[in-house]
Amino acid sequence: YFCWVKIHEKYILRCIELAKNGLGTTAPNPMVGCVITVDGKIIGEGFTSPYGGPHAEVNAIHSVSDKEQLKKATLYVSLEPCSHHGKTPPCADLIIRHGIPRVVIGIRDPHKKVDGKGIEKLLAAGIEVTCPVREQECRVHHRRFLTYQEKDRPYVILKWAESGDGFIAPDPDMRGSKPQPYWITTRHSRQLVHQWRTEEQAILVGTTTCVKDNPKLTPRTWVGNSPLRVVIDRKLKIPKDYHIYDGSVKTLILTEEGLISESASGVDYAPLDFTENLPVQICDRLCERGIQSVIIEGGAKTLKSFIEAGLWDEARIFTGPKPLKSGIKSPPIHGKEVSRTQIENDLLRILRND
């Protein structure tokens, strides 16, 4: 028994490893990994294709050259196989059709169309099912999907860079004459941020950041999908010749009710009640659009509002080596530090709101 448990764990961890290949392309589907073994040897592997394409189990089954072997195989998958028709047919049906006798699942799928129904279908077909296995690791891996399904909101990542003495932005006289970002971190840290942008579905900034920096909010130095740009602009102050209106990427402007102007190309508007809890409303607006994760890039006021509302899951904080001596202080935050990495002269800390 002990040996079997260890083998199950090993292959579920391999499923998670495979699943990471889908980061940034599978949403709103979860990024799932699947491994198929016979007599302890891997005969097939797969992960979720970009949205609309086959799921992990389908790709893994298709990768097996001798389909007869499936009749004595064990299929491992990080998340419960689906049991309903979506963009693709149910994975549970495919597993049954190929006569796979054993299925080992990392965690149940809380999606209301699945939630145990996939497991029930497999059991009803006489398949031996083991679930959960390495539940904690699977939950961490599927955190975006699970937050959306269980909490009805996107997974919220806060990101900022601060100087060695704790300032997030300089005094106005330290900036150039034209609106552009003031860099605290190195080029390599900035490229990492561009990579992160391709991994999430939306990126959000407040009015002040947009007016002062005129940011593009795109992953220019990394290959991948551009996230939805989301900008809070209560009074529609941001000039129409700024990058967010360039039509290059889908953009959502969150503004005061009654102020919505005509949609420009690629730009939508959504109303907010600025007298109420803004972070909750913002999460609601994103949730309505099927957005499962958002990276909040500032500024201080926007970040602080999410921290004070307790509405964040992860914070990624860069600290550059140079002091600024004055400017806007970075927001205070308390969370569990899960990693600390040196990138040239920058320090990157990642906190979780456990």
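Which helices and strands each supply at least two residues of the lining of the second largest pocket? I looked this up in a predicted model, where local features need pLDDT of at least 70, side-chain atom pairs count only at pLDDT 80 or more, and totals for chains, interfaces and linings use all residues. Residues are numbered from 1 along each chain as its sequence is written, and side-chain values use heavy atoms, with hydrogens and water left out.

**Pocket**

I found α6 (143–151), α7 (187–199) and β10 (251–256). Helices (H or I, at least four residues) and strands (E, at least two) are DSSP runs, numbered from the N terminus. α6 gives the largest share of this lining, three residues. I noted a volume of about 580 Å³ for the second largest pocket. A pocket is an open set of points on a 1 Å grid over the protein atoms alone, where a 1.4 Å probe fits, with protein on both sides within 12 Å along at least five of seven lines; lining residues have an atom within 4 Å of a point. The volume is the space filled by probe spheres set on the points. I counted 34 lining residues; Gly24, Ala27, Glu200, Gln201 and Ile291 lie nearest the centre. By class, the lining has twelve nonpolar, 15 polar and seven charged residues. Gly counts as polar here, and Asp, Glu, Lys and Arg as charged; Ala, Val, Leu, Ile, Met, Phe, Trp, Tyr, Cys and Pro are nonpolar.

**Helix α10**

Next I turned to α10 (residues 300–308), where Ala300, Thr302, Leu303, Phe306 and Ile307 are buried. Buried means under 20% relative accessible area, exposed over 50%, partly exposed in between (1.4 Å probe, protein chains only). Down the axis of α10, the buried residues fall within an arc of 165 degrees, so they line one face of the helix. The arc is that of the directions from the helix axis to the C-beta atoms. Lys301 and Glu308, on the other side of α10, are exposed. Glycine 310 follows α10, and its phi is positive, near 70 degrees.

**Threonine 319**

I placed threonine 319 in strand β13 (residues 314–319). Is threonine 319 buried or exposed? Threonine 319 is buried, at a relative accessible area of 17%. Leaving aside residues up to four places away in sequence, threonine 319 touches Glu162, Ser163, Gly164, Asn345, Asp346 and Leu347. Contact means heavy atoms within 4.5 Å.

**Whole protein**

I logged ten helices and 16 strands. Buried residues make up 51% of the 354 residues. The C-alpha trace spans about 70 × 45 × 35 Å along its principal axes.
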